[in-house]
Amino acid sequence: MKIRHALVPAVFALLSSSVFAADECSLTVTSNDAMQFDTKVITVKPSCEQFTVNLVHAGKLPKNVMGHNWVLTAQSDMRAVAADGIAAGLNNNYIKADDARVLAFTPIIGGGESTSVTFPVSKLAAGTAYSFFCSFPGHFAIMQGALTLAP
Ligand code: ZN
C-alpha cells in the first residue's frame, strides 16, 4: 500500500500532461474511510471510444463497514437507484439486478483494495447531466459527483 499511495500523485501528474494524451480516456478516483471521493467532476471527451474509471479505496476499513463502489446513472436516476440498491445487499454490490438505469458500476471494495470499470462512451449523450456515486447504504449523499460528455 505504501507504494500505491506514493504512485497516486504521480499518476495524476501523468494524466495532466498532454504528453500522455492516450490517458484522457481513463481516470483514477480515490475513496477513503471518511466516506469521500477525491473527485467531484468528471468530463469525458467524445473522442474516447471507451472510458475507464479506476476506483481506489485508500482506507483500512472492510467493505461491510465502509465499502465503496463507483456507479454511473443519469443525475435524475441517482436517488432511486441508490434506494433500490440498499435492498440488493452487499453480495450484489448494492445494485438492483439488471437495473437498466445503471450505466456502469464497479464492485464494492474495502480498504486497501482497488477495482475498475470500462464503459462505452456511446452510452453518454451531450447535454445530459450524469451522476456518479457510491451505492453503499447512506453514502451517496456525500459520495457523489457530476459527469458530463464534453461537447
Ligand atoms: Zn461508499
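Are His 68 and Cys 134 buried or exposed? I started my notebook here, keeping in mind that this is a predicted model. His 68 turns out to be buried, and Cys 134 is buried as well.

**Entry: the zinc site**

I looked up what holds the zinc ion and found Gly 67 (O), His 68 (ND1), Cys 134 (SG) and His 139 (ND1) coordinating the ion at 2.0 to 2.7 Å. Along the sequence, I read the spacing of these donor residues as G-H-x65-C-x4-H. I then placed the pair I began with: His 68 sits in the loop between α2 (63-66) and β4 (71-74), while Cys 134 sits in the loop between β7 (130-133) and β8 (144-149). They are 66 residues apart, so the pair links distant parts of the chain.

Next I checked the geometry. The 4 donor atoms subtend angles of 74 to 129° around the zinc ion, and the arrangement is therefore irregular. For reference, I noted that the ideal angle for four tetrahedral donors is 109.5 degrees.

**Entry: Glu 24**

I moved on to Glu 24, in the loop between α1 (2-15) and β1 (26-31). Its relative accessibility is 35%, so I logged Glu 24 as partly exposed.

Which residues does Glu 24 touch, leaving out those up to four places away in sequence? I found Lys 45, Cys 48 and Phe 51. With Lys 45, the side chain of Glu 24 makes a polar contact of 3.4 Å.

How values were computed: Residues numbered from 1 in each chain as written. Predicted model: local features only at pLDDT ≥ 70, side-chain atom pairs only at ≥ 80, totals over all residues. Heavy atoms only, no water. Donors = N, O, S within 2.8 Å, 3.2 Å for Na, K, Ca; no water. Tetrahedral: all angles 85-135°; square planar, octahedral: opposite > 155°, others 65-115°. Helix = DSSP H or I, 4+ residues; strand = E, 2+ residues; numbered from the N terminus. Buried < 20%, exposed > 50% of the residue type's maximum accessible area, 1.4 Å probe, protein only. Contact = heavy atoms within 4.5 Å. Polar contact = N/O pair within 3.5 Å; in protein donor to acceptor, adjacent residues only side chain to side chain.
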